[in-house]
Amino acid sequence: MKLTFSPYTLELKHTFTISTYSRDSTPGVQVRLRHEGITGYGEAAMPQYLGETVESVMSFLSKADMSQFNDPMMTEDILSYVDHLAPGNCAAKAAIDIALHDLIGKMMDIPCHRLFGLDKSKAPETSYTIGIASPQETTQKVKEASDKYHILKVKLGTDHDRQIIESVRRETDTPLIVDANQGWNDLDKAIDMCHWLKEMGVRLVEQPMTCSKLDLMAQLREASPIPIFADESVQRASDIWRLDGVVDGINIKLMKCTGMHEAWNMINIARSLGMMTMLGCMTETSCAVSAAAQLSPAVDFADLDGNLLIANDPFDGMHVVGGRITLNDRPGIGVIEIKQMQA
Ligand code: MG
């Protein structure tokens, strides 16, 4: 197999703000894995909080000698080799994993969701994210989104969270999930907030507290009338066990966990512990989002809107139709390149 890769800047349709930062564009690295005339596509997206950069991803990918593997079906050997090249580098590893799954699907002429034994008609609705903005902008964004999506994810973790929810509720009664992005570290306030949010039609709260504060999260979970999900507190499969009893569910993202292979393991571990699952994404093209979407029929919630936020998506893949994730029958991760990428 031959691995090639190049950086790619994703331009955002709107400035995106959460409790810790704000941005207009975001870097990515696009990956191709070729074998016997077939190309698998992959992608690395690097959110700041995970510490990967274009440089670190390129450096990791240059170390990966994929030419030693002549049979792409040997996924256990191949992905174990990639994982042991260096610690961390989860997005870089995910890029190879996604490209490998795309390649295998194309070789077998079968969509990845079928390789995992999943029925695409069971793909869930996706939430659409409303970033932190002024009350006016929030109202406008909610107005635009609430026709198309049947569940909205509202970013909180500010000192005016109630006003944000109130301005959303002035526009729509659609179900909400909220993501505090580690912003609620006062337990009593967080408990009050969860009770109030239940009254406001919120289905679940994601990452209320700093990722390491598992005791506080467990106490909040005890007292909260709505489910508590971990996002920043869970990265890979090995993190799930210590969250047993701490949260009701986990948000799994390919870029955090090294790709589809590990995401599938995580879905099954979480289920075996009685936890709910969500599949999320970073700001990324239809390549990585469609890869995650292949696994979506297996999860309780999907938050796969990263590709909808970018203006220069080079791929066509999974679509959201009537709020629901709609997978096509193309082989692999289901994408075609519609625009030549500029390095
Ligand atoms: Mg989150």
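A: Asparagine 181 is found in the loop between β6 and α7 (187-199). Strands and helices here are DSSP runs numbered from the N terminus, with at least two residues of type E for a strand and at least four of type H or I for a helix. The model is predicted, so local features need pLDDT of at least 70 and side-chain atom pairs count only at pLDDT 80 or more, while totals for chains, interfaces and linings use all residues. Residues are numbered from 1 along each chain as its sequence is written, and side-chain values use heavy atoms, with hydrogens and water left out.

The phi angle of asparagine 181 is near 45 degrees, which is positive although the residue is not glycine. Most residues other than glycine have a negative phi. With a relative accessibility of 8%, asparagine 181 counts as buried; buried means under 20% relative accessible area, exposed over 50%, and partly exposed in between, with a 1.4 Å probe and protein chains only. Glutamine 207, in the loop between β7 (202-206) and α8 (214-223), is another residue other than glycine with a positive phi, here near 40 degrees. Glutamine 207 is buried, at a relative accessible area of 0%.

The magnesium ion takes its protein donors from Asp179 (OD), Glu206 (OE) and Asp231 (OD), which lie 2.1 to 2.2 Å from the ion. Donors are N, O and S atoms within 2.8 Å of the metal (3.2 Å for Na, K and Ca), and since water is not among the atoms, sites may look incomplete. Along the sequence the donor residues follow the spacing D-x26-E-x24-D. Aspartate 179 belongs to strand β6 (residues 176-179) and aspartate 231 to the loop between β8 (228-230) and β9 (249-253), so the pair ties together parts that are 52 residues apart in sequence. Both aspartate 179 and aspartate 231 are buried.

Strand β6 is part of an open sheet of eight strands, with the order β4-β5-β6-β7-β8-β9-β10-β11 and parallel pairing. Two strands pair if DSSP finds at least two bridges between them. From one strand to the next, the twist averages 25 degrees; axes are lines fitted to C-alpha atoms, for helices over the stretch in contact, and angles run from 0 to 180 degrees between N-to-C directions. Helix α10 (residues 260-272) packs on this sheet and touches β9 and β10 (276-280), its direction making about 175 degrees with that of β9. Contact means heavy atoms within 4.5 Å.

Threonine 277 is found in strand β10 and counts as buried at 1% relative accessibility. Apart from neighbours within four places in sequence, threonine 277 is in contact with several residues, among them Phe229, Ile250, Ile252, Ile267 and Phe301.

Isoleucine 130 has valine 154 as its bridge partner in β5, and tyrosine 128 stands opposite leucine 152 in β5. β5 is covered on both faces: Leu152 and Val154 on one side, and Lys153 and Lys155 on the other, are all buried. In a regular strand the side chains alternate between the two faces of the sheet.

Helix α5 (residues 135-148) has 14 residues and reaches 21 Å from its first C-alpha to its last, close to the 20 Å expected at 1.5 Å a residue; that expected span is 1.5 Å times one less than the number of residues. Its buried residues are Thr138, Lys141, Val142, Ala145 and Ser146. These buried residues of α5 pack against β1 (2-17), β4 (128-130), β5 (152-155) and α6 (161-171).

β1 in turn belongs to an open sheet of three strands, ordered β1-β2-β3 with antiparallel pairing. β1 and β3 stand at the edges with a single partner strand each, so one side of each is left without a neighbour in the sheet. β2 and β3 pair in the antiparallel sense over eight bridges.
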